[in-house]
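Please take a first look at the fold shown here, and then follow the paragraphs below from the whole chain down to one region.

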Amino acid sequence: MVIKKLTLHNFRNYEDETFCFFEGLNVLTGRNAQGKTNCAEAVFYLCTGSSLRIRHDRQLIRRGEDCALLHAEAESRYGKVELEAEIFENRRDLRVNGVRVTRAADFLGNMNSVFFSPGELRLIQDGPDERRRFLNLSISQTSKSYASALLRYNRILEQRNNLLKGHDSELIFETLPIWDEQFARYAAVIIRHRREYLALLSPLAEETHRYLTDGGETLALGEDRENPESEEEIAFKICSELAASYERDIRLGFTTVGPHRDDIRIMIDGADARGFASQGQARTAALSLKLAEVEIFRRLTGEPPVLVLDDVLSELDLPRRKKLLSRTEGLQCILTCTHAERLLSGRKMNRIRISGGKIVS
Ligand SMILES: Nc1ncnc2c1ncn2[C@@H]1O[C@H](COP(=O)(O)OP(=O)(O)O)[C@@H](O)[C@H]1O
Ligand SMILES: [Mg+2]
């Protein structure tokens with residue numbers, strides 16, 4: 001996967017700018033608040049159809065304007081692909097090769113990327129939300145059936161939760177079973193996919209973590225709860241768990257069972273990373289997961305994803321920086337940093353300097 005060209009129009013602090021990227025290493029430099037992360041975010045948005053952290057797309061529109069336009073030309077082993085997102089105040093249009101797509105699932109996965117920034121520490125240190133987000137995005141990019149099951153699941157979950165917030169408990173008791181069957185079916189698809197993904201991810205992340213720590217630490221990943229083998233059995237289990245928690249769900253006003261509540265366990269040297277890992281350990285573990293994700297994309301799609309490294313070099317010590325950079329060989333990498341890294345000298349790269357939302361050289 002290679003992104004060749006990225007055009008931004010009224011996106012964040014960019015008025016009109018076009019980035020031409022190399023197949024190998026692209027280094028975006030510039031002082032703080034010039035637009036490096038914004039550029040990385042644009043790549044991410046075109047890959048996933050969602051922005052990094054913000055809730056409202058309208059924040060992506062350049063202040064004072066009413067519409068942002070992002071366009072990328074990429075090349076995968078299946079040929080050229082053009083991705084476009086037009087973002088308005090209250091809606092957006094997504095296009096793949098000029099054709100409008102209405103489902104986010106059809107937009108995802110046309111250009112695959114793995115994104116790593118200092119914020120990725122949350123993956124290790126924060127609550128389960130972050131880890132589910134990671135799984136959802138990563139699996140959705142390679143599996144349309146996961147992406148669409150997730151979409152449907154979330155819709156049913158929302159409706160089920162709305163029902164639970166109602167006041168007529170008799171009606172609630174009568175209506176819940178109607179939702180539950182579908183709920184359990186999509187839940188089972190999600191759980192099965194996550195398990196398969198985890199089975200791929202675990203050994204790769206463990207291996208990468210060993211490499212990054214010179215064998216000093218072991219990383220282990222696992223499901224946080226046991227589930228039966230087949231989708232049918234999982235659905236059956238979810239159904240009975242749902243039925244057993246009607247009273248609790250009604251009392252709390254939301255659904256307490258299902259993959260929207262699941263987590264993955266991340267252990268470093270046998271201890272739960274969430275509570276015990278130091279800042280440095282967490283950073284390395286997050287990096288291990290991300291580099292493992294690169295490998296999974298390579299295996300599942302037959303080519304490496306675009307690796308976007310936003311401002312991460314300064315956070316790593318020298319040996320890890322070297323190791324990370326060695327793992328960027330053979331794939332397209334978009335790397336941002338405030339000053340040209342000495343480590344990079346001698347390597348062939350496309351250096352792009354950014355200042356005030358413009359490319360200056
Ligand atoms: N919607 C927007 N309209 C105009 N400017 C924006 C918008 N969103 C962010 N910015 C500006 O973008 C700059 C931050 O860019 P960023 O890419 O995060 O910088 P850095 O180069 O440090 O990564 C800030 O000056 C911010 O005010
Ligand atoms: Mg930045």
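The protein has 11 helices and 15 strands, where helices (H or I, at least four residues) and strands (E, at least two) are DSSP runs numbered from the N terminus. Its radius of gyration, taken over C-alpha atoms, is 22 Å, close to the 21 Å that the globule rule (2.2 Å times the number of residues to the power 0.38) gives for 361 residues, so the protein is as compact as a globular protein of that length. This is a predicted model, in which local features need pLDDT of at least 70 and side-chain atom pairs count only at pLDDT 80 or more, while totals for chains, interfaces and linings use all residues. Residues are numbered from 1 along each chain as its sequence is written, and chains are lettered from A and ligands numbered from 1 in the order in which they are written.

One region to follow is an open sheet of 3 strands in the order 9-10-11, with antiparallel pairing, two strands being paired if DSSP finds at least two bridges between them. Strand 9 (219-223) and strand 11 (271-272) stand at the edges, each with a single partner strand, so one side of each is left without a neighbour in the sheet. Strand 10, residues 264-268, pairs with strand 11 over 2 bridges in the antiparallel sense, and Met-267 stands opposite Asp-272 of strand 11.

Helix 6 covers residues 169-212. Helix 6 bends by about 30 degrees at Trp-179, the bend being the angle between axes fitted to the seven residues ending there and the seven starting there. Just after helix 6, Asp-214 takes a positive phi of about 55 degrees.

Key. Contact = placed C-beta atoms within 7 Å. Axes fitted to C-alpha atoms, helices over the stretch in contact; angles between N-to-C directions.
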